[in-house]
Amino acid sequence: MTSAMWKQKILPYTFLFPAFALIVIFLLLPLLYSFYLGFTSFILTRHLGPKFIGVRNYVSVFFEDPLFWRSLEITLIFTLVSVTLEFCIGLGVALLLDRVTLGKRLVRTTLLLPMMMTPVVVGLMWRFLWDSRFGLINYLLGLIAIPPVQWLASPKVALVSVILTDVWQNSSFAVLIFLATLQVLPEDLYEAADIDGASAAQSFWYLTIPLLKRAMLIVLVIRTLFAFRIFDTVYVLTDGGPADATLSLSIYVQRIAFRYFDLGYSAAVSWVMLVLCVALSYVYIRILAEER
Amino acid sequence: MARPRRSHIATDCFLHILLLMVVVAFAFPIVWTVLTSLKTPLQTFAIPPVWIFRPTLVNYRSVFEQQPFARYLLNSIIIALGSTGLALGVGVPASYAFSALKFRGRETFLIATIGLRMLPPIALVVPLYSIVRSLGLLDTHLALVLIYAMFNAPFVIWMLKGFFDEIPEDVRHSALVDGCSHVRVLWRIVVPLAAPGLFATAVFTFILSWNDFIFALFFTTTKATTLPVAVSGFITEEGVRWGNVGSGGAIILLPVIAFTLLVQKYLVRGMTAGAVKG
């Protein structure tokens, strides 16, 4: 092989090298290290270094840790409910916005802002709105004679408040995706359906819904992945409380690592979380690959 | 998409009112935060709430006086700019390789890059903490610059690849035939042609770094603290300092809102980079 050919051959890899070096050092190495930590006992306050204990941590996660299962359950409920609401609200608002003409641009801009906003600030904003004494929500409810609700302090209601906060921020994303698709739907199809005597409901059901399929998949999958890892908003709203009622998996991992300093166990729990995410992404990539 | 339909004035009215309610629900929390930031403490806690009042900047003054808020602001700017620069620096050549070059493992690398975006950051926090600590980089700007650049690199690669793919192949080919190297083609032809896309990608990357909380929370203590961590500190033992949350929050949101307006037409691509083809 001549040196020119050799150069051609390695050129693409030199272009990739900086990005992949960064990713390997700060992403893959940490992941491998955490995989190793998952099989060790390493409590910062007690041990000087990690001590190998085999699958002990994973046995604990699955069989001896009710809080892990509770946290998984809370995360799944949170993900399922908020993604469903975001999907429905997003679709509804996008359809509405598609039909309305007055002030469309301004409205569109307003509706798209929440998803770009700093999650911590969103959490704090809503913490004030949910406040049981000074919050605006209880005040407004008071106007229609509903007694004050302990939105964030009651274990029964806290998850609802967290879900609604997330729905406020992220329905935006669904609006964006659905609206983008609605705006490029082929108009002649609808005209043809109209001429053939299809009712509005029929053309919605048989034309719009199937044409939105791809957009629906994108909304569901991206939102599911991001809802599953929720951290920032919960951290400032409730920090997983009251009585662990809003303990998402991310908050739980953080608590094990930075409150109990149990790095080994937190690594094991994060690997369980990682595997769940990878499984979800795999399904996602498969679906999108089929679509292409 | 204006479909010919016999719409009645009544339905039209109803739809507009419904939309107005939706807009109020979406915009209200933001407006309320800004209003709170302009109130005196007494007005903040007034029930019934005060709607009309003489705005005061007391909360803005106090965040800067009681805390090194100006330094946190500067930290946020330095870290977001630095990581955006680095992410683009490594992302541009990588995207070019994915877009214009043929090589073994191309598809695998590409898919792996999307996969990386799916990982939950908390799973990285614990092992990264040990690595950052052993490098002696805890509480430094450099640590966050490197981490954000790494975390956002897959996003940059996918988004830029979409823009690079739009440049006709002939443009690159004729330059290569004329004897230009790939480096020159990238620098002299692809980058200038994709400039608007590059700018949009940079803005998105900036916002992603600016908004991050989780890494900044664990990897900084005082020196490299960023704004989101600083405002979360307004939750104190004695309660939350709502006035400061309002003013601090408004300061954080201002660039986010301005930048969002700036790149509005690229939002779909930004939010779905990797999921939707280009």
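The model is predicted, so local features need pLDDT of at least 70 and side-chain atom pairs count only at pLDDT 80 or more, while totals for chains, interfaces and linings use all residues. Residues are numbered from 1 along each chain as its sequence is written, and chains are lettered from A, with ligands numbered from 1, in the order in which they are written.

**Contact between chains A and B**

- Chain A puts 81 residues into the contact and chain B puts 80 residues; two residues are in contact if their C-beta atoms, placed from the backbone, lie within 7 Å.
- On the side of chain A that touches chain B, helix 1 (residues 3-37) gives the most, with 17 residues. Helices (H or I, at least four residues) are DSSP runs, numbered from the N terminus.
- That side of chain A divides into 63 nonpolar, ten polar and eight charged residues. Ala, Val, Leu, Ile, Met, Phe, Trp, Tyr, Cys and Pro count as nonpolar, Asp, Glu, Lys and Arg as charged, and the others, Gly among them, as polar.

**Helices 5 and 7 of chain B**

- The axes of helix 5 (residues 106-117) and helix 7 (residues 141-165) of chain B come within 8 Å and cross at roughly 130°. Axes are lines fitted to C-alpha atoms, for helices over the stretch in contact, and angles run from 0 to 180 degrees between N-to-C directions.
- Helix 5 of chain B is therefore oblique to helix 7 of chain B; angles under 35 degrees count as roughly parallel, over 145 as roughly antiparallel, 65 to 115 as roughly perpendicular and the rest as oblique.
- Helix 5 of chain B contributes T113(B), I114(B), L116(B) and R117(B), and helix 7 of chain B contributes P154(B), F155(B), I157(B) and W158(B).
- Six of these contact residues are nonpolar, one is polar and one is charged.

**Helices 3 and 13 of chain B**

- Helix 3 (residues 58-66) and helix 13 (residues 242-262) of chain B pack at about 85°, with their axes 8 Å apart, so helix 3 of chain B is roughly perpendicular to helix 13 of chain B.
- The contact residues divide into two nonpolar, seven polar and no charged.

**G135(A)**

- G135(A) sits in the loop between helix 5 (119-130) and helix 6 (136-143) of chain A.
- G135(A) counts as buried because it has 21 C-beta neighbours inside 10 Å (buried means 20 or more other C-beta atoms within 10 Å, exposed 12 or fewer, partly exposed in between, with C-beta atoms placed from the backbone).
- Leaving out residues up to four places away in sequence, G135(A) touches F128(A), L129(A) and W130(A).

Technical notes: Helices (H or I, at least four residues) and strands (E, at least two) are DSSP runs, numbered from the N terminus.
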